[in-house]
Amino acid sequence: MSAPSVRIGWRAAGGIALGVLAATSGVALTATAGWLIVRASEHPPVLMLMVAIVGVRAFGLARPVLRYAERLITHDVALRALAERRARVYDALVPLVPGRLGRRRGDVLASVVDDVDAEVDELVRVRVPLYVWLGTTVLTALAVAAFWPPAAIVVLAASLASGGVAWTVGRLGSRRFGPERIAARAEVSSRVLAVLDDARPLVRWQAEEAALSRVAAADAELARATRGAAWWLAVARAWPILLAGFAMVWMAALAHDHVSGPVLALLVLVPLALVDVAAPVADAAVLRHETAAATDRLDAFAELDPAVLDPSSPQPVGGPEIDLTDVTAAWADSPSMPATSLSVSPGRAVGIVGPSGSGKSTLAAVLVRFLAPTSGRHLLGGDDVGRLRADDVRSRVGLLDDDPYLFGTTLVENVRLARPDATDAEVERALRKAHLGDWLDALPAGLHTRIGDGAASVSGGERARIGLARLLLAEHDVLVLDEPTAHLDSPTARAVTDDLLALRDRPDGPGLVWITHTEHGLDRMDDVVDLGRPAANADPSAIADGSASMVR
Amino acid sequence: MRPLDPRVVPHLRPARGQIGVVLGASVLTAVLVVAQAFAIAALITALVGHDSWRTPAIVLIAVLVARALTSAITDVAAAAAATRVGGRLRLSVLRAALDLDATALAGHRVGELGLLATRGVAAVEPYLTRYLPALVLGAVLPLLTLAAIATQDLLAALIVLLTLPLVPVFAALIGVSTRERVDRQWRLLGQLSGHFVDVVRGLPTLVAHRRARAQSERITEITHRYRKANTDVLRLAFASSAALELVATLSVALVAVTVGLRLAADGLGLETALVVLLLAPEAYWPLRRVGAEFHAAAEGATTFEAVHELLTEAAGTASTSVVPGPAGLDGVEVTWPGQPRPAVGPIDLDLPERGLVVLSGPSGSGKSTLLAALLGEVPVSAGEVRVPAPELAAWRSDVAAVEQRPWLLDGTVAENLRLGRPDAPDARLTDALREVGLDLDLDRALGEDGAGLSAGQRARLALARVLVADRPFVVLDEPTAHLDAATEAVLLRVLTEQARERCVVVVAHRPAVVEAADRLVTL
């Protein structure tokens, strides 16, 4: 398990100290109140009680105020750490995206966000309760020692046994069931998504029940692990309560011949008051397991090698011609792309076909330097791409993703990220060229309408065309189009196809690499490369015996 | 929002046994908390009076052991209830998604439903394990405490009775006076916290456009703004919880002062005074705890709400209108939501018992939509879909379908072939494979979405599945993928052979299929 990444600085230590004082005030409040009542029953002059009355009031007022300050400070420290940690994790991620994250990168990236939050939570919800328990135990022991020194031993022994066992049981339980729960949760998620992805055909073939029972089976595993973990946590949380009764009686047995009645009441109440401090330790122990797992996952990213290394002394990019000879490549988590050769240059169009899993998107990733080839030769402008900076390659070769992302900002900013110096008018022209004119005119604030998360909804087809507008704005020499018409209705698909193919016919038009599983536009390609040789993945000799076939 | 939304209750029913245990154990906890005060008072009185304190000590230990046991039982039963309720909710979400027709399903994104069925359902756990027990204690313990104090000292009980409502009243006052500010800050917080999620999820797009590095500093800057906004929100939240604690402390102090003064003036016994003093705080904290846990459970409450809406919607769309009769369409039109004109129709069509019916027409003329209407998967805006079955499910079990992009199960070749006829013997499967000229091992495991098969192999496998299914109707949306000539020939041969024995409806993209039609419908 990794060490927590948020270090305790002066502010955090101050916050924890306030937390200790707040918790100790709570213990003192109960104890002094007990002293006060018993002393009052001895009918002393009222003035003698005043000190204790003032004490009770002070502790009663101090607890909420100190607790308020503690929570504010520790949360502020945690949030400061969040800012710093986010930037660090982000910097570590950039060279890994998307080449090293595989095809499920959306899920991976979403979990990174949760993991960073979980890691920062560790300070507030694991270490603060833990240190507050320890600090309060010590402070309380010192305080009772002032009344009768041996009482300190009872307080220390009882409180350490109480919180210590709660912590250990909590840790053991999460070590026993934590990994199982995490794995079961992942399995449930993947089976749930499988049902939702295939909802239509499952209904057509009345195969819903079989698919649902697969989800239920995974769910049963998750439930089993959850209940197992719950038993351990339940024991860890109940333990401090159980122990408190024995500790109170122990204190009474030891002290009742040595101290006055009021002090005895004070001492006997202390172990009960300490339950409130020890109980949160059980939950902290379980959470500690989860935050440590999050830290491990984040650290694993830092140890990954980038998918593409920039050379130490990059060359400037030469011409725009791309040449692939027997190139193979693979994502982290899928079978490799068969050895593929192709040439493309401005004005030329190459179609790429093949079934899913045959490496079409892998090829696209190689072309824009998301992935380095595992073998073969990849030239841009006659230079090996290994001698060029990846960003320089991407300035020449643009990708229309099959899943372009929309950021939570205005439409114009979403498109402008492709070329930051573009004017509003240029952005608008790109949008109209991408067949979004009617849609744009209907938007409430035109170019300045907010889109993306939580704002105006954008359909799959519109999203694909916004991606296209970005690409048109960026003015690359070669465009890699991965299923450019997949989300479009037929008339729009045809119009977009026509427009894109017309682009390359212009004198300075770009080259096209057209990846598709439909026939749209294939007849107008200069070349078609079929990656779908049936045995290519199963039979290594098929890879060995040469490149994928050239169909036309 | 109400403490317990009535829409939540039906979802709790599958776990009513465990929830009953949670409720019972919570009530028992309240009783034990009161008993504990009496036991401690008896112990201290005995100690101070130099009486025998053995019995009160044993009672105190017994009470705390019992409290520990009830605490553990509550935790375990609540966790069991949460897993059971969660499992059922998850299946309800999936069942509803399967019941939705194609348009309604497209309205929800798969990701959104997936999130509801995974994270949303997980959020139910704190609702059941933390909020529900707190709610029971909040309802029971203050009243029980009040009653117990009343048996000891009526004046103290009166003070508690008068001050107890201050906690909810102050909570409401604080809520009302800060609502506007809190709402404004939450909105700001939402925007700022969304930034990092947004940038990380969009990282592939940023990398592709060479904008990734530029974001690093901005993340730090925005997160610091997020910290400031968040601290403002937390300051209010912590201040209101501190204020409520002060209200409770001052109320307890009021009780303590009157009790202490009367004790000193000999108007009250020590044991009574101790019981009252120990009980008084127990009246106040359960109410504050309900408030605190309510926020922790808010996400779970949202899940219940979202599931309720989804189930209502699914119940509304599940009854896509089909009428019994000879298979066909009567003046059917399909209009997509928000579109002024129908996407297809009106169209009349009678399906024969056997023969090849071909739907043809230019791309975008609604052929696939018509097929979906025939299968009852999209609502029709006019006309009627006639099916030779009493209801939709029975009709679907009479139809063997092939999608435009043949759908394959993540399983073995045999599992894929048996989809429409789970009891088919192996010999039937190998026969079907031979008929479509496919040489695949029955036990070969296909990857996700048939990874590793070519477009031609996929099409042939889907066709073999139709042969195995042996159903009276075959509906085929001809694959648009780039098929090799041999596969195209197999496709045509199998379709015409099948059409001799049953009704085959094909959406055609290739001229050869159109030529083979017994009946041609041009859109």
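**Notebook: chains A and B**

I started with the interface: 116 residues of chain A are in contact with 101 residues of chain B. I count two residues as in contact if their C-beta atoms, placed from the backbone, lie within 7 Å. Helix 6 (residues 208-255) of chain A gives the largest share of the side of chain A that touches chain B, with 23 residues. By class, that side has 71 nonpolar, 21 polar and 24 charged residues. Here Ala, Val, Leu, Ile, Met, Phe, Trp, Tyr, Cys and Pro are nonpolar, Asp, Glu, Lys and Arg are charged, and the others, Gly among them, are polar.

I noted the conventions. The model is predicted, so local features need pLDDT of at least 70 and side-chain atom pairs count only at pLDDT 80 or more, while totals for chains, interfaces and linings use all residues. Residues are numbered from 1 along each chain as its sequence is written, and chains are lettered from A and ligands numbered from 1 in the order in which they are written.

**Chain A overall**

I listed 16 helices and nine strands in chain A; helices (H or I, at least four residues) and strands (E, at least two) are DSSP runs numbered from the N terminus. Of its 552 residues, 52% count as buried. Buried means 20 or more other C-beta atoms within 10 Å of the residue's own, exposed means 12 or fewer, and partly exposed lies in between, with C-beta atoms placed from the backbone. Among chain A contacts between residues at least 6 apart in sequence, 79% join residues at least 24 apart.

**Strand 3 of chain A**

I checked strand 3 (residues 349-353) of chain A and found five of its five residues buried. Ala349(A), Gly351(A) and Val353(A) point one way, Val350(A) and Ile352(A) the other. This strand runs parallel to strand 8 (residues 511-515) of chain A, joined by four bridges, and also pairs in the parallel sense with strand 9 (residues 527-530) of chain A over four bridges. Pairing requires at least two DSSP bridges between the strands. Ile352(A) stands opposite Ile515(A) in strand 8 of chain A and has Val529(A) as its bridge partner in strand 9 of chain A.

**Sheet in chain B**

I traced an open sheet of five strands in chain B, with order 6-7-8-4-9 and parallel pairing. Strand 6 (399-402) and strand 9 (519-522) of chain B stand at the edges with a single partner strand each, so one side of each has no neighbour in the sheet. Neighbouring strands are turned by 15° against each other on average, direction ignored. Strand 4 (residues 355-360) and strand 8 (residues 503-507) of chain B pair over five bridges, with Gly355(B) opposite Cys503(B).

**Helix pair in chain B**

I looked at helix 2 (residues 16-48) and helix 6 (residues 124-152) of chain B, which pack at about 35° with axes 9 Å apart. Axes are lines fitted to C-alpha atoms, for helices over the stretch in contact, and angles run from 0 to 180 degrees between N-to-C directions. The residues of this contact divide into 15 nonpolar, three polar and no charged.

**Nonpolar core**

I took a core as buried Ala, Val, Leu, Ile, Met, Phe, Trp, Tyr and Cys residues joined through C-beta atoms within 7 Å. The largest has 343 residues, of which Val480(A), Val513(A) and Leu43(B) touch the most other members. Helix 6 of chain A supplies its largest share, 25 residues. Leaving aside neighbours within four places in sequence, the contacts of Val480(A) include Ala364(A), Leu400(A) and Val513(A).
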